[in-house]
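Subject: Structure handover, salt bridges

Hello,

Below is the structure I said I would pass on. My notes on its salt bridges follow.

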Amino acid sequence: MAERALRHVFIRDFELDAQIGVHPSELGRTQPIRINLDLAVCETAQDLQDDLENVVCYERIATNIRGGGGGFRACQTCGDLG
C-alpha cells in the first residue's frame, strides 16, 4: 500500500482588521493585520471524485479566520486560537 502524501495549502496575505494589543492606546479599536498560512493536509487513499466536500475549502478557512473570536492580546499567540 502506498504511503499517504502530504499536501500543503497556502493562504497568503489575508488582510483583515482585528482587535489586538496590550497597551491602553491599542485597546478598544481595530488594527489591520496580514495573515499567512501554510496548512499541511494528509491526502487520503480514497478517490476525491472532483467533489468540493472532499478537499480543503479556502472560503471556509477565511470565514473561520474572520470570525475567530474578536481579538487577542499578542500577535505572537494568534495562531494558538483554534
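Glu 15 is exposed, its relative accessible area being 53%. Please keep in mind that this is a predicted model.

Glu 15 takes part in a salt bridge with Arg 34, where the closest N and O atoms are 2.7 Å apart. Glu 15 belongs to strand β1 and Arg 34 to strand β2, so this pair ties together parts that are 19 residues apart in sequence.

Asp 13 lies in strand β1 (residues 6–20) and Arg 34 in strand β2 (residues 31–42), so here the parts tied together are 21 residues apart in sequence.

On accessibility, Arg 34 is exposed at a relative accessible area of 52%. Asp 13, at 47%, counts as partly exposed, because the exposed class begins over 50%.

How many salt bridges does the rule give in total? The count is 2. Through shared partners, these salt bridges join Asp 13, Glu 15 and Arg 34 into one network.

Regards

Definitions and conventions:
Residues are numbered from 1 along each chain as its sequence is written. This is a predicted model: local features need pLDDT of at least 70, side-chain atom pairs count only at pLDDT 80 or more; totals for chains, interfaces and linings use all residues. Side-chain values use heavy atoms; hydrogens and water are left out. A salt bridge is a side-chain nitrogen of Lys or Arg within 4 Å of a carboxyl oxygen of Asp or Glu. Helices (H or I, at least four residues) and strands (E, at least two) are DSSP runs, numbered from the N terminus. Buried means under 20% relative accessible area, exposed over 50%, partly exposed in between (1.4 Å probe, protein chains only).
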